[in-house]
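Please read it with the model open.

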Amino acid sequence: MNEMPLIHKAIQGDDDSFNSLMKPYMRQAQQTAYLLLFDYALAEDVVQEALIQAHASIKWFNNKRASFKTWFNRIVIKFTKI
């Protein structure tokens, strides 16, 4: 999947594009958070915080440094440690 058109639209403020971009990664994000926290409710909170952070910082995403999937997964992991 070529994510760059969705990323560019999300950077411009298109929330539908951001939602479409995030949809394929939600299940994995929840699984990752749960595996690190062993608490479903807390994992859901972490994913919600990660989504907010991803939305706010998507303009700094650099596809030459990481795939979008990896970038978002790092945000999820960061919030499991807070």
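1. A word on the source. This is a predicted model.

2. Start with helix α2, residues 15-22, and helix α4, residues 40-57. Their axes come within 12 Å. The crossing angle is roughly 125 degrees. Angles of 65 to 115 degrees count as roughly perpendicular, and those over 145 as roughly antiparallel. α2 and α4 are therefore oblique to each other. The crossing of α2 past α4 is right-handed.

3. Which residues make this contact? From α2 come Asp-15, Phe-18 and Met-22. From α4 come Leu-51, Ala-54 and His-55. By class, the contact of α2 with α4 has 4 nonpolar residues, 1 polar and 1 charged.

4. Next, α4 against helix α5, residues 68-80. The two pack at an angle of about 130 degrees. Their axes lie 9 Å apart. That angle makes α4 oblique to α5. α4 passes α5 in a right-handed crossing.

5. The α4 side of this contact consists of Val-46, Glu-49, Ala-50, Leu-51, Gln-53, Ala-54 and Ser-57. The α5 side consists of Trp-71, Phe-72, Ile-75, Val-76, Lys-78, Phe-79 and Thr-80. How do the residues of the contact of α4 with α5 divide by class, and what are the counts? There are 9 nonpolar, 3 polar and 2 charged residues.

6. Note Leu-51 and Ala-54 of α4. Both take part in the contact with α2. Both also take part in the contact with α5. His-55 of α4 is listed in the contact with α2, and Ser-57 of α4 in the contact with α5.

Technical notes. Residues are numbered from 1 along each chain as its sequence is written. This is a predicted model: local features need pLDDT of at least 70, side-chain atom pairs count only at pLDDT 80 or more; totals for chains, interfaces and linings use all residues. Side-chain values use heavy atoms; hydrogens and water are left out. Axes are lines fitted to C-alpha atoms, for helices over the stretch in contact, and angles run from 0 to 180 degrees between N-to-C directions. Helices (H or I, at least four residues) and strands (E, at least two) are DSSP runs, numbered from the N terminus. Angles under 35 degrees count as roughly parallel, over 145 as roughly antiparallel, 65 to 115 as roughly perpendicular and the rest as oblique. A crossing is left-handed if the near helix is turned anticlockwise from the far one by less than a right angle, and right-handed if clockwise. Contact means heavy atoms within 4.5 Å. Ala, Val, Leu, Ile, Met, Phe, Trp, Tyr, Cys and Pro count as nonpolar, Asp, Glu, Lys and Arg as charged, and the others, Gly among them, as polar.
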